Amino acid sequence: MTVLELSIFVCAFRARTPIRATEIFAVMNGWFGEMPADQVALLVPGMVSRGWLTPVGGAVKASEQGRRAARPLVEGIIRMLDQGTRLIDVALMMSVLRLTRGELDNGPADT
């Protein structure tokens, strides 16, 4: 799973209902700044074929297989950032990432 795929998955995982690629794109623009719209549209079908996302009509939702693939990546990012740095912005990022880790640990994706 690439960083963009992980971001797409987290976006779908956090969505309360199945989410369309255009909505994912809007969220990711907030996270990463301007990015080409076709990047999300190109990645989503591959994520569906890998079982990380489940199609629902014209939208997708996170799958349990995707949660299992994303979980170790989030843990790796947390460990990478948590190298004894005491900066406030790193601490804030760590709390956000730990929240995501907790969501991936405990939340059902296929609801």
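The protein chain of this predicted model exposes about 6600 Å² (Shrake-Rupley method, 1.4 Å probe; for residues, only the protein chains shown count as cover). Carbon and sulfur atoms supply 59% of that area. Buried residues (under 20% relative accessible area) make up 34% of the 111 residues.

The chain holds five helices and two strands, taken as DSSP runs numbered from the N terminus (helices H or I, at least four residues; strands E, at least two). Their order from the N terminus is α-α-α-β-β-α-α. Of the contacts (heavy atoms within 4.5 Å) with a separation of 6 or more, 59% join residues 24 or more positions apart.

Helix H3 spans residues 37–49, and its buried residues are Val40, Val44, Gly46 and Met47. Their cover includes H1, H2, strand S1 (53–56) and strand S2 (59–62). After H3 comes Gly51, with a positive phi near 90°.

Val3, Val27, Trp31 and Phe32 make a nonpolar surface patch of about 370 Å². Such patches take residues with over 30% relative accessible area and no salt bridge, joining nonpolar side chains (Val, Leu, Ile, Met, Phe, Trp, Tyr) within 5 Å and like charges within 9 Å. A salt bridge is a Lys or Arg side-chain nitrogen within 4 Å of a carboxyl oxygen of Asp or Glu. Helix H2 (residues 21–32) gives the largest share of the patch, three residues. Val3 lies in helix H1 (residues 3–14). Val3 is exposed (over 50%), at a relative accessible area of 58%.

Residues are numbered from 1 along each chain as its sequence is written, and side-chain values use heavy atoms, without hydrogens and water. Local features need pLDDT of at least 70 and side-chain atom pairs count only at pLDDT 80 or more, while totals for chains, interfaces and linings use all residues.

Notes:
Buried means under 20% relative accessible area, exposed over 50%, partly exposed in between (1.4 Å probe, protein chains only).
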